[in-house]
Amino acid sequence: MSMKAVNRRSFLKTSLLGGAAGGAALFGPWTHNRVYAAASDKPIRIGLTHDASGQFANSGQAEKRGSEMAVAEFNAKGGVLGRKIETVWMDTETNPQTGTRVAERMITRENVHFLAGAVQSGTANAISQVAQKYGCVYFNTNSSSPTESGANCHRVKFVWDGNGENFSKAAARNAINSFGNNWLLIYNDYVWGQNTNAATKKVATEYGATVMDEIAIPVGTRDWSSVLLKIQQMKPDVVAAAVGGDDFKVMRQQVHDMGLDRNPAWINNQQDWPDIFGLGADAAFGVFGTTWYHYLDLPGVPEFVKQYQEMYPTTRISVPGNVTYNGYVAMRELLRVVEEVGSTDNMKVIKALEGRVMTAKDRMQHFDAVIDANSHQVQQTIYLAEGNAKPRDDTDYFNILSWSDPEAIRSSAGDECKLESYADTPSYDQG
Amino acid sequence: MLYDLIPHIINGLALGLLFALLALGFMLIIGVMEVINLAHGSLFALGAYVALAVMVPDGGLPYAFMEPYYALPDVPRYVIALIVGPLVVAVVGAGLELCLRRTYGQDPLYGLLLTFGAALVLEEGIREIWGSSEYYLPIPRGISGGFIAGDLIYSTYRIYAAIFAAAMIGLLWLFLNRTPYGAIIKAGAHDGEMVRALGHNLSRLRLFVFAFGAALAAIAGIIMAPIWGIRPVVGVDAVVPAFVVIVLGGVGSFWGAVSAGLLVGLVVGLTAAFATDWSLLSMYLLLLAVVTFRSRGLAGKASVLES
């Protein structure tokens with residue numbers, strides 16, 4: 001065994017070089033690159049960030065069912081690129097802090113290839129920040145704050161739901177003509193509510209409405225009686241509400257109980273199917289938006305409903321709604337794109353998604369949809385609906401009033417979106 | 001201005017009675033047994049779910065077996081729900097008290113942890129049986145809808161619920177102060193050893209009090225269900241204001257809890273009307289203000305146990 005003499009000079013030199021290398025590893029470069037040895041036959045893992053608790057627990061599980069349907073569909077055909085699709089699900093608890101933790105864990109420990117799922121915009125924003133840090137493609141399936149594809153947009157994030165401005169544009173002009181121009185705005189006091197309310201205000205005033213007041217409602221409000229009394233005292237023609245989740249359910253119940261669901265006219269930005277299912281058509285009050293309905297008279301809709309019922313025979317929500325639909329079409333498109341580009345490499349997937357046109361027939365909607373290349377929001381058909389006075393069965397709550405061409409209701413939120421450049425987005429491929 | 005204010009004051013008082021109703025069972029258990037029952041909210045939720053099962057065909061009971069029952073008019077089914085719900089939850093509460101026995105005389109933290117665990121178990125149990133979807137507890141036609149008062153429409157059910165809450169408060173006070181059982185309960189809390197020495201079974205007394213407190217939580221759940229809706233986490237909505245009311249009123253004080261409930265209702269109601277974004281916070285600011293100057297709450301000295 002030979003021993004090499006170490007003198008002071010060589011020791012210092014080695015230490016300095018070692019220190020510099022260690023420092024570089026600690027302090028830079030800031031861009032994370034997670035690229036593993038190229039492809040194999042190992043499964044493609046998808047991290048599902050759907051809520052199972054908190055304000056949007058019910059909707060979170062509904063979109064999870066949609067995601068799983070698409071995964072099952074592909075696995076039944078042999079997977080993607082000859083590889084099986086695996087899902088890893090963690091409850092994001094309708095909570096941005098948990099969203100951050102879950103996304104971090106999914107990427108660094110579970111080595112997922114992609115992330116999908118969110119109902120609450122705060123949580124979606126938190127997840128997308130982590131996803132952008134690593135370069136992991138993330139599908140925000142159901143959160144609809146305009147900021148998600150506006151100020152909080154990211155190169156890796158794709159937003160699949162219509163946003164508050166889309167819905168407001170679809171509803172505002174009709175409501176002013178039909179009900180009057182004195183509008184009262186109420187909204188949940190968090191990111192989705194605030195931004196949706198701002199979008200509604202902008203659209204309504206553009207069309208000639210007078211905004212009497214804007215009432216911020218704290219998240220978790222369980223008693224609406226004082227607000228409802230105040231609304232009666234103010235006598236608006238229209239109340240435009242951006243209230244979601246459990247708060248919306250409680251509000252709806254109390255509005256109905258006080259007999260205020262007909263006068264004034266209510267415009268509820270979007271009515272998610274899990275928030276209403278089981279309560280009957282009476283609970284669908286006012287005019288509201290949705291991206292999909294299980295009784296749309298379009299090809300593929302009955303088959304999709306049947307597929308859902310076969311996969312979830314005991315689920316209480318016996319027919320899929322807009323939330324499950326978004327979860328399904330988003331996941332299906334992701335897997336198709338991976339198949340098309342022949343890789344799970346994030347840049348290839350992102351570029352294939354940007355500007356991607358999806359036909360109306362394929363998406364079971366009335367107009368073609370497109371993923372806006374500048375904001376990453378899916379511009380799609382928005383349906384206006386009201387409670388159905390003549391339901392054909394006990395799931396037929398909505399009466400679809402009209403549908404809008406995505407171009408006519410295009411959101412301007414994307415103007416505020418500044419996507420990170422490709423170069424500033426870390427490369428990411430789990431192999 | 002005053003004319004505009006009157007409906008909000010009346011609404012605040014009605015809301016206050018509901019807050020007091022929420023806190024009754026919590027107050028009884030904490031006052032008599034010195035256990036902070038964090039499962040109060042879950043027992044509240046369970047009461048609502050059991051009432052749902054009694055009221056509607058898809059509420060959790062086997063429909064085919066119960067078909068003739070569900071053909072009954074809504075009033076008798078509602079009355080049965082108001083009886084069966086509290087009875088079922090009382091049995092669950094009694095079971096919880098049996099589990100709690102090993103913690104008596106120990107650090108109060110053990111009781112707190114046990115009831116917290118029980119709350120989680122109950123909530124998950126509810127999710128397992130009824131799922132996580134929203135339910136609506138139907139109410140008899142006679143107490144549903146709105147009625148017109150001047151220029152305003154107000155909920156008939158809220159008036160009914162406030163009157164019901166006032167009646168429950170009165171009945172509980174009569175029970176505690178005008179019956180020999182009430183006297184034993186109060187004495188048991190004040191000096192358990194003496195009650196035992198006088199030949200009363202202290203274990204049975206505690207079992208009864210806990211079951212009774214749980215039944216009161218269930219009654220509050222059934223009354224609040226048509227206003228708040230029913231979902232597994234609805235108990236969290238109940239336990240927090242109940243706790244605030246108890247601390248604000250003075251732990252163990254009957255009239256302290258009632259007056260704190262009314263005060264919280266008024267403050268929350270008026271704040272919601274004029275500064276809505278502060279409405280939830282107002283309850284905690286009130287608590288902070290009162291506890292800063294009266295650490296034992298509004299009536300901390302004159303508890304039902306000491307009267």
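Trainee: Which residue stands opposite Gly146(B) in S2(B)?
Mentor: Ser155(B) stands opposite Gly146(B). Keep in mind that this model is predicted: local features need pLDDT of at least 70, side-chain atom pairs count only at pLDDT 80 or more, and totals for chains, interfaces and linings use all residues. Residues are numbered from 1 along each chain as its sequence is written, while chains are lettered from A and ligands numbered from 1 in the order in which they are written.

Trainee: How many bridges join S1 and S2 of chain B?
Mentor: Four bridges, in the antiparallel sense, with S1(B) covering residues 146-149. Two strands pair if DSSP finds at least two bridges between them. Strands (E, at least two residues) and helices (H or I, at least four) are DSSP runs, numbered from the N terminus.

Trainee: What sits between S1(B) and S2(B)?
Mentor: Two residues, in a hairpin. Gly150(B) in the turn has a positive phi of about 65 degrees.

Trainee: Switching to Ser42(B). Buried or exposed?
Mentor: Ser42(B) counts as buried because it has 34 C-beta neighbours inside 10 Å. The rule: buried means 20 or more other C-beta atoms within 10 Å of the residue's own, exposed means 12 or fewer, and partly exposed is in between, with C-beta atoms placed from the backbone.

Trainee: Where does Ser42(B) lie, and what does it touch?
Mentor: Ser42(B) lies in helix H2 of chain B. Leaving out residues up to four places away in sequence, Ser42(B) touches Ala119(B), Leu122(B), Glu123(B) and Gly235(B). Contact means that the C-beta atoms of two residues, placed from the backbone, lie within 7 Å.

Trainee: How is chain B split into domains?
Mentor: Domain 1 of chain B is 27-228 and domain 2 is 233-307. Such bounds come from an automatic or database domain assignment. The centres of these two domains are 20 Å apart, taken over C-alpha atoms.

Trainee: How many residues of each are in contact?
Mentor: 21 residues of domain 1 of chain B and 17 residues of domain 2 of chain B. On the domain 1 side of that contact, H2(B) gives the most, with six residues. By class, that side has 14 nonpolar, five polar and two charged residues. Ala, Val, Leu, Ile, Met, Phe, Trp, Tyr, Cys and Pro count as nonpolar, Asp, Glu, Lys and Arg as charged, and the others, Gly among them, as polar.

Trainee: Which residues touch the most other members in the largest nonpolar core?
Mentor: Leu18(B), Ala20(B), Ala23(B), Ala48(B), Val89(B), Val245(B) and Ile246(B), out of 210 residues. H9(B) gives the most to this core, with 18 residues. A nonpolar core is a set of buried Ala, Val, Leu, Ile, Met, Phe, Trp, Tyr and Cys residues joined through C-beta atoms within 7 Å.

Trainee: What does Ala20(B) touch?
Mentor: Beyond four places away in sequence, its contacts include Ala165(B), Ile169(B), Val245(B) and Leu262(B).

Trainee: Where does UniProt place the "transmembrane region" feature in chain B?
Mentor: The unreviewed entry lists several stretches, including 108-126 and 280-299 of chain B. UniProt positions are in the numbering used here, feature names are shortened, and annotations may be inferred rather than shown by experiment.

Trainee: What do those two stretches look like?
Mentor: Residues 108-126 of chain B are 100% helix and 0% strand, with end C-alpha atoms 27 Å apart. Residues 280-299 of chain B are 70% helix and 0% strand, with end C-alpha atoms 23 Å apart.

Trainee: How many residues of chain B are in contact with chain A?
Mentor: 32 residues of chain B, with 34 residues of chain A. H1(B) supplies the largest share of the chain B side, five residues. That side has 14 nonpolar, 12 polar and six charged residues.

Trainee: Now chain A. What are its domains?
Mentor: Domain 1 of chain A is 44-162 + 298-380, and domain 2 is 165-290 + 382-404. Their contact takes 23 residues from domain 1 of chain A and 24 residues from domain 2 of chain A. Their centres are 26 Å apart, over C-alpha atoms.

Trainee: In what order do S12, S13 and S14 of chain A form a sheet?
Mentor: S12-S13-S14, an open sheet with antiparallel pairing. S12(A) and S14(A) stand at the edges with a single partner strand each, so one side of each is left without a neighbour in the sheet. Ile371(A) stands opposite Val378(A) in S14(A).
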